[in-house]
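Open the model in your viewer and keep the selection tool at hand. We will go from stop to stop, picking something at each one and looking at what is there.

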Amino acid sequence: MMTSGFFRTVSCRFGALMALVFAFPLIASAQVDRHDVRKGNREFRREDYRAADVDYRKALLRDSTSFAANFNLANTLYRLAGGQEAQGGLEEMNKYYKAAQAGAEGSEYEADYWFNMGDAALAAKDYRTAVDAFRRSLLKRPEDLEAKENYIYAKAKLDEQEQNQDQNQDQNQDQNQDQNQDQNQDQNQDQNQDQNQNQDQNQDQNQNQNQNQDQNQDQNQDQNQDQQPQGLSPQQAQQMLQAIQAKEKETQDKVNKEKALLMQSRQKEKNW
């Protein structure tokens, strides 16, 4: 299909990765060295993308703002990156597509520019950008069936991606809530165990203290019982005390009598 001075062949498969576009590059504009761009175009048609890459870069050295050189170089890098089967080189490709945006806006190539941007976004699995790019392409060329199919495909992939993200967020929230609940339960259990242990220790200490007090009281009672005669009434205790005192008095009288006799004996010895 011939479109605005350059070819675009599309291989569309709905439900799989969408079209590879711009099999042939844009013709050089007057501001760029025609020799380098046209040479790059011939190499692009022969699928010699390495050589085309070199010539388009030469053209950009002469005019870095050239729409044709930026746009054709971006298309070449897309092919060198393996299209939608590889990620290598896609970042650099986007750089040159963005550099060509100012020249594309308002031009006859704007619909094709946004179509290529959408296809590049699909390659990077940037479905939100792809949806926006195909939407812009359709605004400029509403009858483009490939752009419509690619837009539907990108929108479906974006919805699927957002649903998966929401599910992952819900799962993460549920997991976090479960973890927090488990942690709180474990903490509460640990605290309750510690409190119970402290209560048990306090009870044991109180029991030990009570036992010690009981033992002390028992010992004191035993000592008091040992000190006092067992089984004696107060009258019997008084009688025993009087008997002990009488015995002591008898013993003292005997000692005093012996002392008196001893003194008399000594006096007799002196008289002799």
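Start by selecting helix H4, residues 90-104, together with helix H5, residues 110-123. In this predicted model, the two helices pack with their axes 11 Å apart and at an angle of about 160°. Angles over 145 degrees count as roughly antiparallel, and H4 and H5 are therefore roughly antiparallel to each other.

Now show the side chains where the two helices meet. On the H4 side, pick Leu90, Met93, Asn94, Tyr97, Lys98, Ala100, Gln101 and Ala104. On the H5 side, their partners are Glu110, Tyr113, Trp114, Asn116, Met117, Ala120 and Ala123. Colour this contact by class and you will find 10 nonpolar, three polar and two charged residues.

Next, bring up the aromatic rings. How many aromatic pairs does the structure hold? There are eight of them. Zoom in on Tyr113 and Trp114, whose ring centres are 5.1 Å apart. Their planes stand at 75°, so this pair is edge-to-face. Then widen the selection to Phe67, Phe71, Tyr97, Tyr109, Tyr113 and Trp114, which ring pairs link into a cluster.

The following two stops are about the backbone. Most residues other than glycine have a negative phi. Select Glu47, in the loop between helix H1 (34-45) and helix H2 (49-62). Glu47 is not a glycine, yet its phi is positive, at about 65°. Is Glu47 buried or exposed? With 57% relative accessibility, Glu47 counts as exposed.

Move on to Lys125, in the loop between H5 and helix H6 (127-140). Lys125 is another residue other than glycine with a positive phi, here near 60°. Its relative accessibility is 56%, so Lys125 counts as exposed.

For the last stop, select Glu149 in helix H7, which covers residues 145-227. Glu149 has a relative accessible area of 32% and is partly exposed. Glu149 and Phe134 are 15 residues apart along the chain, and their C-alpha atoms are separated by 9.3 Å.

Conventions: Residues are numbered from 1 along each chain as its sequence is written. This is a predicted model: local features need pLDDT of at least 70, side-chain atom pairs count only at pLDDT 80 or more; totals for chains, interfaces and linings use all residues. Side-chain values use heavy atoms; hydrogens and water are left out. Axes are lines fitted to C-alpha atoms, for helices over the stretch in contact, and angles run from 0 to 180 degrees between N-to-C directions. Helices (H or I, at least four residues) and strands (E, at least two) are DSSP runs, numbered from the N terminus. Angles under 35 degrees count as roughly parallel, over 145 as roughly antiparallel, 65 to 115 as roughly perpendicular and the rest as oblique. Contact means heavy atoms within 4.5 Å. Ala, Val, Leu, Ile, Met, Phe, Trp, Tyr, Cys and Pro count as nonpolar, Asp, Glu, Lys and Arg as charged, and the others, Gly among them, as polar. Rings of Phe, Tyr and Trp (its six-membered ring) pair if their centres lie within 6.5 Å; planes under 30 degrees apart count as stacked, over 60 as edge-to-face and the rest as tilted. Buried means under 20% relative accessible area, exposed over 50%, partly exposed in between (1.4 Å probe, protein chains only).
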